[in-house]
Amino acid sequence: MHAHFTSHRYHRHSHDAYSFGVTEQGVQAFRCRGGAHTSTVGMVLAFNPDEAHDGRTGAEDGFTYRIVHIGPDLVADLVPRLPLFRDPVVRSPALAGALRDLHAALREGALARDEHLVRAVRAMAAHVTPLPGPTTAHGDPGPARDLVEAHYADDLAPADLVEATGLSRFALYRAYRARYGLSPSEHQRQRRLREARRLLADGVRPAEAAAAAGFADQAHLTRWFRRCYGVTPGAYARAATR
């Protein structure tokens, strides 16, 4: 996506891919991993898969940026170990240039796209720092996450998650947020959005995609789709099918 925002605010969300944004104008402000960050001209936003973050303008005249999402499976083909980033803001002209070139190459043929993808991933891998593994100090919320993943379209109850983990409701929510950066309800919404996005790319109409993914109606889907992805479901569907 190539966009300029002045008043739009991204709700806290995550992606199932690596997300890299190059700030071209203005200032982006966001929260990630419990801290506040800013990205100015030439800096790169670097989000790991499933890493929760929000976003908003950090200057009166807004910001312009390019962002590209690269699937972990593509990265795994090019580097021996999936890279993770400790700092969500990377200061690297080489990486910024490689990502801009990749963004432009997405309109070209398959060979050009692949060559620029390889270059971008190699530039990306130069900034890898291993992150510590997940903590289980407050209990293991993994079974609750598995339940949300498997039944994202259903109206799960808190008791369902408590039963799956054996934790109290308070301990469960604390451990879930500490491990994944999202609450169970936010994770469920993200999973629904990803399913709706997949259906839209397959040509399913927004109203039908909303129902199949577990949203109350098309308006409900549209509100959250734009808050998390910056575009409406209809605009995304037109771009994806084109």
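**Briefing on the chain**

The UniProt annotation "domain: HTH araC/xylS-type", from an unreviewed entry, covers residues 142-239; UniProt positions are given in the numbering used here, feature names are shortened, and annotations may be inferred rather than shown by experiment. This is a predicted model, in which local features need pLDDT of at least 70 and side-chain atom pairs count only at pLDDT 80 or more, while totals for chains, interfaces and linings use all residues. Residues are numbered from 1 along each chain as its sequence is written, and side-chain values use heavy atoms, with hydrogens and water left out.

**Overall architecture**

- The chain contains ten helices and nine strands; helices (H or I, at least four residues) and strands (E, at least two) are DSSP runs, numbered from the N terminus.
- The chain is as compact as a globular protein of 242 residues, because its radius of gyration of 18 Å is close to the 18 Å that the globule rule gives for that length. The radius is taken over C-alpha atoms, and the rule is 2.2 Å times the number of residues to the power 0.38.
- Along the principal axes, the C-alpha atoms of the chain fill a box of roughly 50 × 40 × 40 Å.
- Within the annotated span, residues 142-239, the structure is 76% helix and 0% strand, and the end C-alpha atoms lie 35 Å apart.

**Burial, contacts and surface**

- Of the 242 residues of the chain, 45% count as buried. Buried means under 20% relative accessible area, exposed means over 50%, and partly exposed lies in between (1.4 Å probe, protein chains only).
- Among the contacts with a separation of 6 or more, 71% are between residues 24 or more positions apart; a contact means heavy atoms within 4.5 Å.
- The chain exposes about 12,200 Å², of which carbon and sulfur atoms supply 52%. Accessible areas come from the Shrake-Rupley method with a 1.4 Å probe, and for residues only the protein chains shown count as cover.
- The 31 positive and 26 negative charges of the chain have mean positions 5 Å apart. Lys and Arg count as positive and Asp and Glu as negative, whereas His and the chain ends are not counted; the place of a charge is taken as NZ of Lys, CZ of Arg, CG of Asp or CD of Glu.

**Backbone angles in two loops**

- Most residues other than glycine have a negative phi.
- R33, a residue other than glycine, has a positive phi near 55 degrees. R33 sits in the loop between β4 (28-32) and β5 (35-39) and counts as partly exposed at 36% relative accessibility.
- D50 is not a glycine either, yet its phi is positive, at about 65 degrees. The loop between β6 (44-47) and β7 (53-57) holds D50, which is partly exposed at 31% relative accessibility.

**Selected residues and distances**

- G166 lies in the loop between α5 (158-165) and α6 (169-180) and is exposed, with a relative accessible area of 66%. G166 and A144 are 22 residues apart in sequence, and their C-alpha atoms are 9.8 Å apart in space.
- A171 belongs to helix α6 and is buried, at 13% relative accessibility.
- E108 is placed in the loop between α2 (93-105) and α3 (110-125), and its relative accessible area of 44% makes it partly exposed. E108 and A210 are 102 residues apart along the chain, and 32 Å separates their C-alpha atoms.
- A94 is part of helix α2 and is exposed, with a relative accessible area of 53%. A94 and A123 are 29 residues apart along the chain, with their C-alpha atoms separated by 6.8 Å.
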